[in-house]
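Hi,

Here is the structure I promised to pass on.

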Amino acid sequence: MSNILEKAKSLYGLKQYECSQVAGHEGGRNLVYVCSLNGENQYVLRMSGLGDRTEEDYLAETEFVRFLAENGAPVADVIPSVHDRLLEWVECGEEKYYVSLFVYAKGMLICDNGYCYREGAPLEEYFYNTGKALGAIHRLSKQFEPIYHRQEYFDKYNMDYINGLIPDIYAELKEAISKRLAAVQMLPKDKNSYGLVHFDFSDGNYHIDMNTGAITAFDFDNCMYCWYLFDLANLWTHGEGWCRFEEDGVKRMEFMKHYFDTILQGYKTETDVSDELLEQLPLFIDIVLIENIIDEFECCKREGEEVDYEDIEDAAQCLIESIPYAGIGE
């Protein structure tokens, strides 16, 4: 890989930079390097060679990120190559790697700070800022008129694909998934409810400036056309970790409501979300669980492994038995 990395570095004028590979998650599709000069992290170099994305997919992603950054959204901008292109590629034998360079997002992951927010500031500030950052992305997405096109939600999340991916031994799970997809398919797709979303907006994909609380989002690799509520529901599921060890169910629900209301306060400073769409939050939480399950099956398939049911058991049980996730419901 060193030869490919050197080729990629030359395309972006990075020969003097030290590039350290970031450990990827199991089944991940990208090779990611943090590019530093004089000990300062400046860029993130991403090389993608898995083959499950087309050139247009990458062009559409980088076009969207550039539009967001140029219009003031708190995202890590994409950097042109020495040839003034947002997407490049390098070849190694018969393998082709698509390459993009991004600004290194200011701040740090909250997990790298032991899940402690910045000293002296309340968690409510963090929740509010998270919602505001997402709201800015969605506000601009509603204005975005792309040249290149990312896939639509149902291009991938349909039962033809899912039936081929998930074995029939999970028949109950597939029936539960089919029921949720049918419900979502009935929802309107107007410009205020449906558009290009991050699709993985969570604390692993944004940095926090621990001096100011500012959030900078990155990794739009999964972005697709979907309902904006999906990103909000994804934040709900990640907020559950803040009250996971609270044994009192009523207190857990009180916390989750406070958490999500604070996110919405920040979100609504940037863009609106209708009460009618918010009523579908429990459904979209299930849709997030479905995405997590499908991702697990896809990762295991790429690695040539069988899915460990324990890795999907909680989400599967919620779907099969219609159990509200993290306290939503009666």
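I'll begin with a pair in the sheet: Trp89 has Tyr98 in strand 6 as its bridge partner. Before the rest, note that this is a predicted model, where local features need pLDDT of at least 70 and side-chain atom pairs count only at pLDDT 80 or more, while totals for chains, interfaces and linings use all residues. Residues are numbered from 1 along each chain as its sequence is written, and side-chain values use heavy atoms, with hydrogens and water left out.

Back to the strands. Strand 5 (residues 88–92) and strand 6 (residues 95–103) pair in the antiparallel sense over five bridges; pairing takes at least two DSSP bridges between two strands. Helices (H or I, at least four residues) and strands (E, at least two) are DSSP runs, numbered from the N terminus. The two strands form a hairpin with two residues between them, and Gly93 in the turn has a positive phi of about 65°.

Next, the cores. A nonpolar core is a set of buried Ala, Val, Leu, Ile, Met, Phe, Trp, Tyr and Cys residues joined through side-chain atoms within 4.5 Å. The largest one has 82 residues, of which Leu68, Tyr153, Ile177, Trp227, Leu232 and Phe284 touch the most other members. Helix 10 (residues 281–303) gives the largest share of this core, twelve residues. A second, separate core has 16 residues, including Leu11, Cys35, Val99 and Leu101. Beyond four places in sequence, Trp227 is in contact (heavy atoms within 4.5 Å) with several residues, among them Tyr153, Val184, Tyr194 and Phe284.

- Arg66 is in helix 2 (residues 55–70) and counts as buried because its relative accessibility is 19%.
- Lys15 is in the loop between helix 1 (2–11) and strand 1 (18–21) and counts as exposed because its relative accessibility is 62%. Not counting residues up to four places away, Lys15 touches Lys9 and Ser10.

Buried means under 20% relative accessible area, exposed over 50%, and partly exposed in between (1.4 Å probe, protein chains only).

Cheers
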